[in-house]
Amino acid sequence: MKQDIIQFRYIRVIACLSIVLLHTLFASNVYFETSMSLTDLTVTRAVENLLMWCVPCFVMVTGALLLEPEKDVPLKKLFSKYIMRMVLALVIFTFIFAVFEAVVNGGDIAAAGFFKGWLDDMFTGNSWPHMWYLYMMIGLYAMLPVYKVLFSHASDAALKYITAVMIVFVSVLPLSGITGHESAFYIPTTFIYPAYLFLGRMIYTGQLRVSRYFAVILTIGCSLLIVMLTYFRYMYGDIAVGEDLIPVYDRMLFSYPSILVVGQSIGIFSLLSSIKTKAEAPALLVSMDQCSFGIYLIHMIFLKLVLQVLLVDPYEYGGAWLFAAMAGAFFTAGYIVTFVLRKLPGVKRVL
């Protein structure tokens, strides 16, 4: 196995664990919002915002591997393997989550309305929040043949230009919305994820050179700005920005299209990709990497059991150390369940 492929395993496992921590923090904000102090809210949100690089790095690994011009992905394989995996996971787990909600809330699973509600939620994206990733990946996979054509025939300069245009129109120009002046300029691609796909491939191949020094500056600089802007948002945002524009402020500075998240993701992906590793990946790392998709899907069940059903409030019982312990426990539980399930016939096609 190539050295850089082993590094991708580290990136996926580290990103997966970080996503579990992100979800733990986010869910705690939702379930215990009324009992949180302003300091609790600000610190928690700052850490959440610092972890937004996780999904972009997942997408960048996907781009690095699947956009290789020599890697043939026929349409039959694209739909039967990649897209079908996302569709099956979407159908199965939205149903499982609907059953969970019905049991917890005393609903009737046998009622006709249950199945209609489940189908409506699955189609409209109103199941559990973390399922958004599956809808996004289905779209990216569907467009993969187009992206591969670009990488097969475009020059390095053209690829840099295309990626820069996406970032400018999706991440930079919309920043004007914070001032109440929405930019009227747009391109057909209104989402940032193809840019992450391209960035991953270009950084991996060296078509976009990011020195370690610059990667460190990007990571630290963007992270510091995220923390400072989070503090400003919760301490002075209502007055300085205005209540009506706060959602725009949050969306443009602390979500995946944020230019700060783009910079942070480039820096972290570059640094993790350049770390020297052993010639062979440790068996546990390989196993956790293979189970990372299942961990992503399943950990939320344990999270909801602890926070929503058992009402364990991390702010009351321990704060930072308990968040870390919970995230570790949810990750481990998701890993164990996924590892066992993958032993069953046909499950690997989904998990």
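**View 1. Thr163 sits within helix H8, residues 156-172.** Helices here are DSSP runs of H or I with at least four residues, numbered from the N terminus. The model is predicted; local features need pLDDT of at least 70, side-chain atom pairs count only at pLDDT 80 or more, and totals for chains, interfaces and linings use all residues. Residues are numbered from 1 along each chain as its sequence is written, and side-chain values use heavy atoms, with hydrogens and water left out. Thr163 has 2% relative accessibility and counts as buried. Buried means under 20% relative accessible area, exposed means over 50%, and partly exposed lies in between (1.4 Å probe, protein chains only). Neighbours within four places in sequence aside, Thr163 touches Ala195, Phe198, Leu199 and Met202. Contact means heavy atoms within 4.5 Å.

**View 2. Met143 lies in the loop between helices H6 and H7.** H6 covers 132-142 and H7 covers 144-153. Met143 is partly exposed, at 36% relative accessible area. Pro194 is 51 residues from Met143 along the chain, yet their C-alpha atoms are separated by 9.1 Å.

**View 3. Helix H14 carries a kink of about 30°, centred on Ile298.** The bend at a residue is the angle between axes fitted to the seven residues ending there and the seven starting there. H14 has 18 residues and should span 26 Å at 1.5 Å a residue; its end C-alpha atoms are 25 Å apart, which agrees. The expected span is 1.5 Å times one less than the number of residues. H14 is mostly covered, with 13 of its 18 residues buried.

View 4. Most residues other than glycine have a negative phi. Leu311 belongs to the loop between H14 (292-309) and H15 (314-317). Leu311 is exposed, with a relative accessible area of 54%.

**View 5. Helices H13 and H16 are roughly perpendicular to each other.** H13 spans residues 283-290 and H16 spans residues 320-341. Their axes come within 9 Å and cross at roughly 85°. Axes are lines fitted to C-alpha atoms, for helices over the stretch in contact, and angles run from 0 to 180 degrees between N-to-C directions. Roughly perpendicular means 65 to 115 degrees. Leu284, Ser287 and Met288 of H13 meet Phe331, Tyr335 and Phe339 of H16. By class, this contact has five nonpolar, one polar and no charged residues. Ala, Val, Leu, Ile, Met, Phe, Trp, Tyr, Cys and Pro count as nonpolar; Asp, Glu, Lys and Arg as charged; the others, Gly among them, as polar.

Definitions and conventions. Helices (H or I, at least four residues) and strands (E, at least two) are DSSP runs, numbered from the N terminus. Angles under 35 degrees count as roughly parallel, over 145 as roughly antiparallel, 65 to 115 as roughly perpendicular and the rest as oblique.
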